[in-house]
Amino acid sequence: MTEEVTEEVTEEVTEEATEELMELTAVLAAPDAETVRRPITSGGTGTVVISRSRGRLVFASSGLPELPESRGYALWLMGPDGPRPAGLLDRRAGWTGGAGWSDSAIMRTFAALTLAAALLSATPATPAAAQTAAGPEAASVVPVQVTGAPAKRFNLIIMGDGYTEAEQDEFRADADRHLNVMWSIEPFKSYRNYVNVYRVDIVSGESGISCDPGLDAPRRTTPLSMGFWGRCNPDSVQRLITMDNAAATRYADLVTGTSAGNRQILALANSGTYGGAGGAYATASGSNSMSALISPHELGHSLGGLQDEYDYYQRGVPGGTYPGPEPSSAHHTLLTEQEMRDQRRKWWRWLGEPSESGGPIGRYEGGLYYTGGVWRPSAHSMMKTLGYYFDQVSREVMVQRITAKTMVIQDATPSDRPVGADRVLWVEPMRPVSHSLTTTWRVDGRDLPGDRDSLDLRTLGLSPGTHTVTATVSDPTAFVRDPAIRAAITRTRTWTVDTSITTPPDGTQPAFVSSTPTDRPLGRDDVVYVETTHPAATVPEVTWTLNGVRHTGTDLDLGELDLEPGTHTLTASLAGRSLTWTIDATGPATAYELSRPLARSGDTYVYNGPFTMRLTGDDDRDGHVVSESRVDGDGWFNYFGWPTSSKLPWTFSEQGTVIDSLVYGRLPRGRHTIEYRSIDAAGNYGAAGSFTVTTIAPPPACTRTLTGAHRGPLVVAGGVTCLDRAEVTGAVTVRPGASLVMTGGRITGALDAAGPGQVHLLGGRVDGALGVRGAATLTIVGADLRGAALLAGNAAAILSGSTVRGALACAGEPPADLGVPNTVKGGDACGDLPDRTGPDRTGPDRTGARETGRAGGTGGGAYEAVQHAGQ
């Protein structure tokens, strides 16, 4: 603190100093007093002096515009918990003090006030506290998450465009949703504490952005001039949202302490149309069903420098063959796997491992907008298909880029001059959510045992003279394997220790300085931390209390404690003060809902066509819940509903659904296991559940369809006769080569088919005896057979989820029940039916070609949630 500040605060104070004034003076004189001076938005200058050890701050002003006697200036503290009134400024002295605040409140206030000058405002207050409506392009900065000084953090600045004053609540909701999804994705999830998040609320005079959704849509005048088609450029692509970067920079500059080197802008457009872009700044539509996934993808570009892994540029247009040399991109190559290993290049360290986005990490053709001639590490990942995670290769790069915008060692004992051997040295490392950084101490080239953030030199018994002490802080994350990146996230501090130097008393008392935020629940596997003052003569001892058990240290790994599900209270104590957290150790639950199947037994289902899945995540606490699913052990895929609307369920089908030249939900015919789970706002994963779906061949196309009542016998002599919920009174005979499809309805007589093409009994009831012999395809699912049933010599036969009230007899290979048992009441000569969906078990396709099998399903290749239409 400078003398100038002291004089500014005291020069107008009369001799009528009270105990409050003495307390304010004590703040000014505190050894850890820190000062920030900023212009006030209403005019004049404001100065904040804060002492974290004393838990107090002082605000002083000068040059404020004169106000009528009926009005005064109000001071507001803008912190992560929202604005808090701090009282009225004294009209004579122009200063006010803060008293009685908790350490945690002071810490959050300090982070907001001293590190974001845009939040420092003295507002003219009226007796009624009236506020006028903001005009177009008015903007305010709101700290969403402040974990430390901007100079020591990666600062994510989220701003909106095309949101009118009446739509600001929508912008806040859009920003929250984007953030909550981002916090569920690695490495953002683990490195959340490295990120300060500020929201810039910009009021637009017009709603929406330009050229949304097409070039024929209106051009709008908005603060950031955002627009689809690269701001209405017919030579661009529709989904590309760009903006006036200079305007975005001006708004970002409102967040004091941030700069191009330590921040990233993410701009959300007031639009429900799919789109975004990643360049110097990232953009995304705010409210599209997939927009919260566009954000991390575009941050992969803007922050991570990652390239697209699409094999097209314009949707629906194949990308051709890559013509260039070895790409500079970390996740594209021309090398074979063996060449990568031999040359130790690209992602050779990850080859063969299960990819975080599904399948093994290897070499998959397509990327950089080319269909062939270039290869990527995974079949699908965040940079190719929205909804999947970053794979290990991209995740490693993202860790490097996030940490590069922070300070691995936030602070340390000053090392610019020799220190005495009678004191404590300390470092303050960064604090990931998922793990702790490691601090290794070395004295005169000799490593000391243990991992600690402080070193009491008095315990070393140093010989007279000078010595060299080094602290190395490293990140042991398993996300990094490249030694160059490992070195980039490792930092050292070196001190010269001179035993002839005596360290004078510094008067610093043990106290909390900052911590894991206490205003939101902790996850059950989080690492929670506190940071303290650093007296030269002592190492502050923090005591953690959880479920009656005490722990010590500056951090506590909850994942090592194996907490029981439920809510727990954690307390950290130091020098008579304490901080308290709530731990949410209960993961969210996830429910699934499927469209009506042909047959079901428990969590096993049978379909012969498209079906839908809706996932609903539920938690015992407020906050956004992210649900996801995976098919046949593939990568977890974010459940965002359906691309056209988040309110619609996901659709699986054999051919998939083509939307804007992308294919969604293509599920090969056969047996599939679908797992599902959710992640709550505290970062807890819920227990994964699963269900099994078997998809079988659909019935052939009808050449004749009967509905309603049909009296008398029915003979199917050729073609495909479909009984669509028909009521047939009499026997039904199917001649050789002819096919019958019965969907619901009832046959009161017998059904006899000798040498038919295909017979499909899907639901419905047959009162008489059933005899099917030598059918090319026989499918009986969910049917009610009231008489005896004889099934002989049928290929690819299925009898699943049906009831046979008479005797059941089989000759030749028995039919399959697909895991959904039948009920046989009149005697069963077939025995236990097999549960199989392997090769040649689901019948021929419409061209007559039979399918080939693979683990987890048959035919059509592996499932991929989203594919290019040409794949």
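Modeller: A polar contact is a pair of N or O atoms within 3.5 Å; within protein, one must be able to donate a hydrogen and the other to accept it, and residues adjacent in sequence count only if both atoms are side-chain atoms. The model is predicted, so local features need pLDDT of at least 70 and side-chain atom pairs pLDDT 80 or more, while totals for chains, interfaces and linings use all residues. Residues are numbered from 1 along each chain as its sequence is written, and side-chain values use heavy atoms, without hydrogens and water.

Biologist: Which side chain does R669 join in a polar contact?

Modeller: R669 sits in the loop between β39 (662–666) and β40 (670–679); helices (H or I, at least four residues) and strands (E, at least two) are DSSP runs numbered from the N terminus. With a relative accessible area of 6%, R669 is buried, given that buried means under 20%, exposed over 50% and partly exposed in between (1.4 Å probe, protein chains only). At 2.9 Å, its side chain has a polar contact with that of E654.

Biologist: Is D444 buried or partly exposed?

Modeller: D444 lies in the loop between β18 (438–443) and β19 (446–447). Its phi is near 50°, a positive value in a residue other than glycine. Because its relative accessible area is 44%, D444 is partly exposed.

Biologist: What is the relative accessibility of R725?

Modeller: The loop between β45 (720–724) and β46 (727–729) holds R725. Phi of R725 is positive, near 55°, and the residue is not glycine. R725 counts as exposed because its relative accessibility is 55%.

Biologist: How are α4 and α7 set to each other?

Modeller: The axes of α4 (residues 168–182) and α7 (residues 291–302) come within 8 Å and cross at roughly 60°; axes are lines fitted to C-alpha atoms over the stretch in contact, with angles from 0 to 180 degrees between N-to-C directions. Under 35 degrees counts as roughly parallel, over 145 as roughly antiparallel, 65 to 115 as roughly perpendicular, and the rest as oblique. The two helices, α4 and α7, are therefore oblique.

Biologist: Where is P187 found, and what is omega of the peptide bond from E186 to P187?

Modeller: P187 is in the loop between α4 and β10 (195–202). The bond from E186 to P187 is cis, with omega near 5°.

Biologist: How far apart in space are G148 and N196?

Modeller: G148 lies in the loop between β8 (139–145) and β9 (154–161) and is buried, at 12% relative accessible area. N196 is 48 residues from G148 in sequence, and their C-alpha atoms are apart by 7.2 Å.
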